[in-house]
Amino acid sequence: MTIERLETKPRMSRIVKHNGTVYLCGQVCADATQDITHQTQTMLDKVETLLTQAGSSKQHMLSATIYLKTMADFAAMNAVWDAWVPDGFAPARACVQAAMARDVLLVEISVVAALIQ
């Protein structure tokens, strides 16, 4: 059993690979001063970059858990999500309202994906 950890720091690894599966740590936006649309898009851009780095892709996502500061942003977040996820490749998904680590953050995501074989 091999576990590979990438970009590991004392608290967490950004990517963990095990048994053909990729686990990403929670991802947030590039600029927390922006609105939900921008925060969601840049968060998903980071996810896509990490999946590629890990040897996977958004077409190989197995599950996603999305955390929203407020459900008032659900529709706007979904508009970006729907445009980002390729047709026919939607992962299992949960979306919940949650307190954020920093007050300015509006959205965070955790993703699990399969490695490209």
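**Exercise 1. Determine how many helices and strands the protein chain of this predicted model contains, and in which order they run.**

Solution. The secondary structure of the chain consists of two helices and six strands; the model from which these elements are taken is a predicted one. Read from the N terminus, the order of the elements is β-β-β-α-β-α-β-β. The next step concerns the overall dimensions. The chain has a radius of gyration of 14 Å, close to the 13 Å that the globule rule gives for 117 residues, so the chain is as compact as a globular protein of that length. Along the principal axes, the C-alpha atoms fill a box of roughly 45 × 35 × 20 Å.

**Exercise 2. Describe the burial, the contacts, the surface and the charges of the protein chain as a whole.**

Solution. Begin with burial: of the 117 residues, 39% are buried. Next, take the contacts between residues at least 6 apart in sequence; 69% of these join residues at least 24 apart. The accessible surface amounts to about 6,400 Å², and carbon and sulfur atoms account for 53% of this area. Finally, consider the charges. There are 10 positive and 11 negative side chains, and 9 Å separates the centres of the two sets.

**Exercise 3. Identify the residues with the most contacts inside the largest nonpolar core, and the elements that supply this core.**

Solution. The largest nonpolar core comprises 25 residues, and Leu-24, Leu-51, Trp-81, Ile-109 and Val-111 have the most contacts inside it. At least two residues of this core come from each of β3 (21-24), α1 (36-54), β4 (61-68), α2 (74-84) and β6 (107-114). Helix α1 gives the largest share, seven residues.

Apart from neighbours within four places in sequence, Val-111 is in contact with Val-22, Tyr-23, Leu-24, Val-47, Leu-51, Met-61, Ser-63 and Ala-64.

**Exercise 4. Locate Glu-7 and state whether its phi is positive or negative.**

Solution. Glu-7 is part of strand β1 (residues 3-8). Most residues other than glycine have a negative phi. Glu-7, however, has a positive phi, near 55 degrees. With a relative accessible area of 35%, Glu-7 is partly exposed. Its contacts, leaving aside neighbours within four places in sequence, are Met-12, Ser-13, Arg-14, Leu-50 and Gln-53. For a distance across the chain, take Glu-7 and Asn-78: they are 71 residues apart along the chain, and their C-alpha atoms are separated by 29 Å.

**Exercise 5. Decide whether Asn-19 is buried or exposed, and give its place in the chain.**

Solution. Asn-19 lies in the loop between β2 (13-18) and β3. The cut-off for an exposed residue is a relative accessible area over 50%. The value for Asn-19 is 68%, so this residue is exposed. Although Asn-19 is not a glycine, its phi is positive, at about 50 degrees. Between Asn-19 and Glu-48, which are 29 residues apart in sequence, the C-alpha to C-alpha distance is 20 Å.

**Exercise 6. Decide whether Thr-42 is buried or exposed, and list its contacts beyond four places in sequence.**

Solution. Thr-42 is found in helix α1. A residue is buried when its relative accessible area is under 20%. Thr-42 has a relative accessibility of 13% and therefore counts as buried. Once neighbours within four places in sequence are set aside, Thr-42 is in contact with Cys-29, Ala-30 and Asp-31. Thr-42 and Leu-6 are 36 residues apart along the chain, with 21 Å between their C-alpha atoms.

How values were computed:
Residues numbered from 1 in each chain as written. Predicted model: local features only at pLDDT ≥ 70, side-chain atom pairs only at ≥ 80, totals over all residues. Heavy atoms only, no water. Helix = DSSP H or I, 4+ residues; strand = E, 2+ residues; numbered from the N terminus. Rg over C-alpha atoms; globule rule 2.2 N^0.38 Å. Buried < 20%, exposed > 50% of the residue type's maximum accessible area, 1.4 Å probe, protein only. Contact = heavy atoms within 4.5 Å. Areas by Shrake-Rupley, 256 points an atom, 1.4 Å probe, with all protein chains shown as cover. Lys, Arg positive; Asp, Glu negative; His and termini not counted. Charge placed at Lys NZ, Arg CZ, Asp CG, Glu CD. Core = buried A, V, L, I, M, F, W, Y, C linked by side-chain atoms within 4.5 Å.
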